[in-house]
Amino acid sequence: MILQVEGLEVSYGEIPAVRGVDIGLAEGEAFAVLGRNGAGKTSLLRAVAGALATAGGRILYDGTDVTGEGADKRVRRGISLVPEGRHIFPGLTVRENLAMGAYHRKCRGARLQAEIDSVLEQMPVLRDRLSQSAGTLSGGEQQLAAIARAMLSRPRLLLIDEPSLGLAPIMVDRVYELFQRLRQDGLTIVIVEQYVQLALRFADRAVVIDKGRVALSGTAAELRDSTELIDTYLAARSEALA
Ligand code: ATP
């Protein structure tokens, strides 16, 4: 198991957001976290990345308990988060944004350029835009840049929050094609996704989170077949892209 989440709890003050979630992921798996707005998906992802403190439970990465570790240390271990809304620095160039992903590895100069070239082989659309300020990229291109930045930290576990949010369908397809290629390279990927059918086409397995708890879990095929159950937990808008 590359990731084991055991009895995870996250609270904002008195408000519980994640209440006793258990998840286990094998290396190379593609995993989807589904659920309504406010279900606790982002909180779960951020807690795994170390961006949010836990109120209970454990997070094991590669068998090591990382629950008390900060986000920086987890990035160095190979856990990388692409947050919702992308968080690209608009005033910096695309190259500078990407370089930040490699910062903790003290990767500079020619080696950095070689690594950027290598990551951008998967995203040729960004190659011509390296010197452009990131704020001038389209939403989809910014999403690709955020993923490229995460890839420059050399992750083994990539956590991606709402990759399709605000993107035109053509860009959503492009982003998911990229995930498919990353997955073929052996990366373990967790996505939080509003578009249920899209997520279930991509993932091997999935959970549905409801009010901070795992309401459903199974293989993507099982969950695709249990549309009735999914309809109970997920809003109809999720099917807009189906
Ligand atoms: P969405 O799909 O809308 O992004 P989500 O499933 O990712 O939702 P979270 O963002 O994890 O859900 O939120 C879970 C719960 O925690 C919600 O009830 C939310 O209002 C609450 N919450 C999230 N962030 C905070 C915060 N900073 N302070 C207080 N409550 C918060």
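View 1. Ser 43 brings a polar side-chain atom to 2.5 Å from an oxygen atom of the ligand, and for Gln 194 the corresponding distance is 3.2 Å. The ligand alone exposes 640 Å², of which the protein buries 62% (Shrake-Rupley areas, 1.4 Å probe). Residues are numbered from 1 along each chain as its sequence is written, and side-chain values use heavy atoms, without hydrogens or water. As the model is predicted, local features need pLDDT of at least 70 and side-chain atom pairs pLDDT 80 or more, whereas totals for chains, interfaces and linings use all residues.

**View 2. The shell around the ligand.** Among the 13 residues around the ligand, those that come nearest are Asn 37, Gly 38, Lys 41, Thr 42 and Ser 43 (a heavy atom within 4 Å). The shell comprises 6 polar, 4 charged and 3 nonpolar residues.

**View 3. The largest pocket.** Its volume is about 670 Å³; a pocket is an open set of points on a 1 Å grid over the protein atoms alone, where a 1.4 Å probe fits, with protein on both sides within 12 Å along at least five of seven lines. The lining has 26 residues, with Ala 71, Asp 72, Val 75, Ser 80 and Leu 81 nearest the centre (lining: an atom within 4 Å of a point). By class, 14 of the lining residues are nonpolar, 6 polar and 6 charged.

**View 4. The second largest pocket.** This pocket holds about 260 Å³ of space. Ser 118, Val 119, Met 151, Arg 154 and Leu 182 lie nearest its centre among 13 lining residues.

Terms used: Grid points are joined across faces, edges and corners, and a volume is the space filled by probe spheres set on the points. Ala, Val, Leu, Ile, Met, Phe, Trp, Tyr, Cys and Pro count as nonpolar, Asp, Glu, Lys and Arg as charged, and the others, Gly among them, as polar. A polar contact is a pair of N or O atoms within 3.5 Å; within protein, one must be able to donate a hydrogen and the other to accept it, and residues adjacent in sequence count only if both atoms are side-chain atoms.
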